[in-house]
Amino acid sequence: LGAISFADEPERQDLFAAGSDDIAGYRIPAIATTNKGTLIVVADARVAKNRDLPNNIDLVMRRSTDSGKTWEPMKVILDYPGMAGVGDPCIVVDRDTGAIWVFALYGPKGIGLFASQVSPNEQRGKIVAIKSDDDGRTWSKSVILDGQANSKKWFCALAAPGSAIQMRDGALVVPGYYRPDKGRRMNSFIFHSADHG
């Protein structure tokens, strides 16, 4: 085996550092490469407290158009008002359309993974989606997929953080997990779209 050279590797960079931009902490990063070769990194920005939902959590993003050598400033791509939050992003690029999809868990005020309940007023965590059609420069308004991507009988459902995939036939396949009842047990599932979302 020949010697391995690290000369061309980029320098280590902290893309999200606790305390920067007045954010208590960052967690759960997800990364994808767009059709144009742009790197998109999305993460939780835990605004005042570095803890899971329920909490004021926004989704933030950074872009690199030069293979990670330099990065654009952090940008908030999804922010719900007050103490409602969104987190645990899952990202996928639709290679056919170029759209970048991000799925996450939306938690209304006071609602997180284990505070969610099946109730008449729907106080439970829900799957939310946003997308960019311009290589991550701008992002759509959020769409709550409750009832489309999951059963409304579940106490909470979310996309599994990280990356989703696209099949050869173009279908977008997103991993997820859910709470089937009041307990802390979680089950896995997938949701998918055969028509580009």
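Author: Let's start with a term: a nonpolar core is a set of buried Ala, Val, Leu, Ile, Met, Phe, Trp, Tyr and Cys residues joined through side-chain atoms within 4.5 Å. Buried means under 20% relative accessible area, exposed means over 50%, and partly exposed is in between (1.4 Å probe, protein chains only). A word on the model: it is predicted, so local features need pLDDT of at least 70 and side-chain atom pairs count only at pLDDT 80 or more, while totals for chains, interfaces and linings use all residues. Residues are numbered from 1 along each chain as its sequence is written, and side-chain values use heavy atoms, with hydrogens and water left out.

Reader: Which residues touch the most other members of the largest nonpolar core?

Author: The general idea is that in soluble globular proteins, nonpolar side chains tend to be buried together. Here the largest core has 20 residues, and Val 42, Leu 59, Ile 91 and Trp 139 touch the most other members. Two or more residues come from each of β1 (25-33), β2 (39-46), β3 (57-64), β4 (75-78), β5 (85-93), β6 (100-107) and β7 (126-132). Strand β6 gives the most, with 4 residues. (Strands are DSSP runs of E, at least two residues; helices are runs of H or I, at least four; both are numbered from the N terminus.)

Reader: What does a second, separate core include?

Author: That one has 18 residues, including Val 92, Phe 103, Ala 149 and Ala 164.

Reader: How many aromatic pairs does a search of the whole structure find?

Author: First, the rule: rings of Phe, Tyr and Trp (its six-membered ring) pair if their centres lie within 6.5 Å; planes under 30 degrees apart count as stacked, over 60 as edge-to-face and the rest as tilted. The search turns up 8 pairs. Take Tyr 80 and Tyr 106: their ring centres are 4.4 Å apart and their planes sit at 50°, so this pair is tilted. Tyr 80 is in the loop between β4 and β5 and Tyr 106 is in strand β6, so the pair ties together parts 26 residues apart in sequence. Tyr 80 is buried, at 12% relative accessible area, and Tyr 106 counts as buried at 15%.

Reader: Why is the pair of Phe 103 and Phe 191 edge-to-face?

Author: Because the planes are at 80°, with the ring centres 5.5 Å apart. Phe 103 belongs to strand β6 and Phe 191 to strand β13 (residues 187-193), so this pair ties together parts 88 residues apart in sequence. Phe 103 is buried at 6% relative accessibility, and Phe 191 is buried at 8%.
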